[in-house]
Amino acid sequence: MIYLALLLGVALIGGLSAVSLKVAQTIQLRGAEAELLAIGLEFRSALQSYADATPNGLPNTPDSLSELLRDARSPGIQRHLRRIYHDPLTGKPEWGIVRGPDRRIVGIHSLSQGEALKRENFSAELAYLSGTKEHKDWVFSITPPQIPALNSSALHLDL
């Protein structure tokens with residue numbers, strides 16, 4: 001009888017541990033998604049700042065993300081982004097780059113292949129992300145992209 005109760009107790013503890021682990025993973029992923037949204041907005045603001053600071057006759061999008069760190073198009077030093085953030089889902093400073101017809105950067109996205117937990121109830125400025133199923137579909141650009149037509153490549157920075 002004691003042996004049976006002990007086995008039942010061990011099984012109960014194992015089951016609770018498995019549920020706790022799943023809950024902890026979900027909480028961690030939700031936190032990483034919230035961080036990705038905040039970082040994406042930082043990149044989007046930097047792209048907008050770069051476009052707003054463009055002197056006449058020059059392209060209003062950067063050729064590389066490092067141009068957001070130090071914009072050399074004008075006499076003074078101008079920084080649109082303080083640093084290249086690590087992707088909170090991959091842990092790497094590599095981002096998917098969305099390029100326009102002129103091959104210049106118009107947006108970024110995560111290289112994570114995972115499914116997104118958050119699919120609805122985005123803030124108004126990110127409402128275009130509603131219905132996306134994967135993190136790589138969360139594209140941050142000045143103008144909301146057409147998600148199926150992603151033209152991206154990985155970026156490796158040696159800063």
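Reply: The account below begins with the chain as a whole and then turns to its aromatic rings.

The model is predicted, so local features are taken at pLDDT of at least 70 and side-chain atom pairs at pLDDT 80 or more, whereas totals for chains, interfaces and linings use all residues. Numbering runs from 1 along each chain as its sequence is written, and side-chain values use heavy atoms, with hydrogens and water left out.

The protein chain has 2 helices and 4 strands, in the order α-α-β-β-β-β along the sequence; helices (H or I, at least four residues) and strands (E, at least two) are DSSP runs numbered from the N terminus. Of its 159 residues, 33% are buried, where buried means under 20% relative accessible area, exposed over 50%, and partly exposed in between (1.4 Å probe, protein chains only).

Rings of Phe, Tyr and Trp (its six-membered ring) pair if their centres lie within 6.5 Å; planes under 30 degrees apart count as stacked, over 60 as edge-to-face and the rest as tilted. By this rule there are 3 aromatic pairs. One of them joins Phe43 and Tyr85, edge-to-face, with 6.2 Å between the centres and 75 degrees between the planes. Phe43 belongs to helix H1 and Tyr85 to the loop between helix H2 (66-69) and strand S1 (96-99), so this pair ties together parts that are 42 residues apart in sequence. Phe43 is buried at 0% relative accessibility, and Tyr85 is buried at 9%.

A further edge-to-face pair is that of Phe122 and Trp138, at 5.5 Å centre to centre and 90 degrees between the planes. Both residues lie in the loop between strand S2 (105-109) and strand S3 (140-141), so the pair ties together parts that are 16 residues apart in sequence. Phe122 is buried, with a relative accessible area of 11%, and Trp138 is buried at 0%. As for clusters, Phe43 and Tyr85 form one together with Trp95.

Charged side chains also meet aromatic rings. A charge sits over a ring if NZ of Lys or CZ of Arg is within 6 Å of the ring centre and within 35 degrees of the ring normal. Lys118 lies over the face of Phe122, 5.0 Å from the ring centre. Likewise, the charged end of Arg73 sits over the ring of Tyr50, at 3.5 Å from its centre.
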